[in-house]
Amino acid sequence: MNPTIYLRASALLALAACAPYPQRVNETPIMVNGDRVQATDASAAAPLVASERDAMRATIDSLYALAIAGASNAVREAVARGEVTIGMNENQVYAATRSTPDAWAVRRASGSSVMVPAHTSAAPKDKLGEMVMVQLEGGAAAVLSRRGPQGILVASRPQDATAAAQGKAAAEALIREGDDLVASNDLAGALNRYDRASVLDPEAAEVQYKAARLLDLQLRPQEALMRYQRFLLSLDIERIKAQGEANAKMAEAIAMAQQRILVLEKQVR
Amino acid sequence: MLRRRAFFALTAAALAVSACGIKRVNRVDPNSVTDLSGRWNDTDSRLVANQLITQSLGANWSRDWSAANLGEAPTVIIGEFRNRTMEHIAVGTFVRDLERAYIQSGTVKVVASSSERQEVRDERADQQVNASAETRAKLAREQGARFMLQGDVQAIQDSEGREQIVYYQIDATLIDLESNTKVWVGQHKIKKYIQRRRLTP
């Protein structure tokens with residue numbers, strides 16, 4: 001056997017091992033050492049942004065002038081407060097929400113029109129909340145919809161569009177939510193909703209009664225007693241009596257409350 | 001004579017060798033691409049900042065918000081940018097670049113982040129006691145942010161022998177603080193192919 005064969009073979013192997021590693025990636029570099037990557041100078045965009053903002057403010061100023069021209073004092077006050085009210089025209093809605101027409105999508109059809117936010121992420125707002133829809137009839141706002149924590153609040157009468165009425169509507173939504181929670185056996189959650197509703201609408205007697213019943217069921221006599229008393233105090237009992245049969249359900253609640261007060265007072269003592 | 005020559009030759013050689021080890025510092029253009037190890041570096045940070053600035057300023061979210069809000073610029077707070085890689089990445093460099101671009105362009109107003117504002121609040125509280133009435137900064141006049149900028153850096157590595165691929169993905173998100181809606185999402189991807197030589201000089 002010729003030993004040179006082994007020598008040649010090992011030399012070949014050594015050469016192969018020293019050869020450049022087989023490159024599996026054959027991509028052309030898009031950037032190499034020595035290239036330059038300039039940092040973006042955003043100040044160049046500043047004049048454009050400033051002119052855009054100025055144009056927006058000029059539009060809003062013109063809209064204010066158009067909105068106020070010939071408007072009643074009530075509408076002027078509402079625009080100044082930043083509150084959309086029933087009867088406002090399109091320009092007055094823009095002015096009251098401090099928005100430009102670009103923020104709205106308006107669809108018109110035979111005397112009626114509907115204004116909805118053009119972008120859901122940047123919906124126009126008034127003092128009472130985020131606008132969801134403004135329905136205009138004959139150029140005047142007839143139905144207003146706002147987004148509230150408990151869902152959409154709709155106002156179709158001037159008295160519904162006030163802050164107090166919106167609070168009342170929110171309280172009603174909370175009471176409904178509380179009732180659903182009672183049905184699903186979340187009594188603590190329901191009590192929380194009733195408490196919030198009673199703050200938003202202190203005149204709502206029904207909510208005091210519901211809270212008292214819940215506390216009574218949870219065997220919390222002292223708190224239940226206070227709630228029953230508050231329920232009776234918040235009622236105009238004479239008015240309820242006068243309404244007679246029409247308020248039979250409420251009368252039943254009154255009787256129940258009075259009865260429970262007697263029982264709970266004995267328990268508490 | 002020969003011995004003396006050999007001595008001088010050796011001394012000169014020793015000097016030449018030691019001269020190679022002398023530290024050399026040069027100032028170079030901060031915009032230059034200088035890839036040494038293949039790890040995350042200033043060029044990557046600059047590339048990310050440039051891309052996020054271009055994407056963010058080119059998006060319509062700010063204009064849409066201004067149109068619905070008296071032409072005012074929206075207010076942004078810089079939230080957390082998480083480094084989800086195994087590498088040390090100074091995310092603050094490109095986040096600051098983005099913040100600077102927002103302010104320079106006037107697109108948005110930027111309020112102090114949670115880590116920055118405590119010092120300011122301490123100073124304001126101190127002024128209530130020590131500053132004169134006409135110069136003290138009033139309390140409860142901070143501007144609330146409407147949007148929060150958050151993001152993260154993620155990396156995928158693949159290597160075989162002397163070759164390595166490193167892929168970075170940088171995501172930035174602008175979230176409406178009231179509705180949790182993501183109004184803008186920016187993204188930049190960097191892929192590096194690193195090949196190590198067998199012999200180094």
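Which elements of chain A do the buried residues of α5(A) pack against? Select β5 (140-148), β6 (151-155), α6 (187-200) and α7 (205-217) of chain A to see them. Packing here rests on contact, meaning C-beta atoms, placed from the backbone, within 7 Å.

This is a predicted model: local features need pLDDT of at least 70, side-chain atom pairs count only at pLDDT 80 or more, and totals for chains, interfaces and linings use all residues. Residues are numbered from 1 along each chain as its sequence is written, while chains are lettered from A and ligands numbered from 1 in the order written.

**Stop 1: α5(A).** Select residues 163-183 of chain A. This helix has 21 residues and reaches 30 Å from first C-alpha to last. That is close to the 30 Å expected at 1.5 Å a residue, counting one less than the number of residues. Helices (H or I, at least four residues) and strands (E, at least two) are DSSP runs, numbered from the N terminus. Now colour the buried residues, among them Q166(A), L174(A) and G178(A). Buried means 20 or more other C-beta atoms within 10 Å, exposed 12 or fewer, partly exposed in between; C-beta atoms are placed from the backbone. After the helix comes N185(A), with a positive phi near 70°.

**Stop 2: K127(A).** Go to the loop between β3 (125-126) and β4 (129-137) of chain A. K127(A) is partly exposed because 13 other C-beta atoms lie within 10 Å. Leaving out residues up to four places away in sequence, K127(A) touches R81(A), G82(A) and E83(A).

**Stop 3: chain B strands.** Select β3(B), residues 147-160, and β4(B), residues 163-176; they pair antiparallel over 14 bridges. Pairing requires at least two DSSP bridges. Within the hairpin, find G161(B), with a positive phi near 60°.

Notes:
Two residues are in contact if their C-beta atoms, placed from the backbone, lie within 7 Å.
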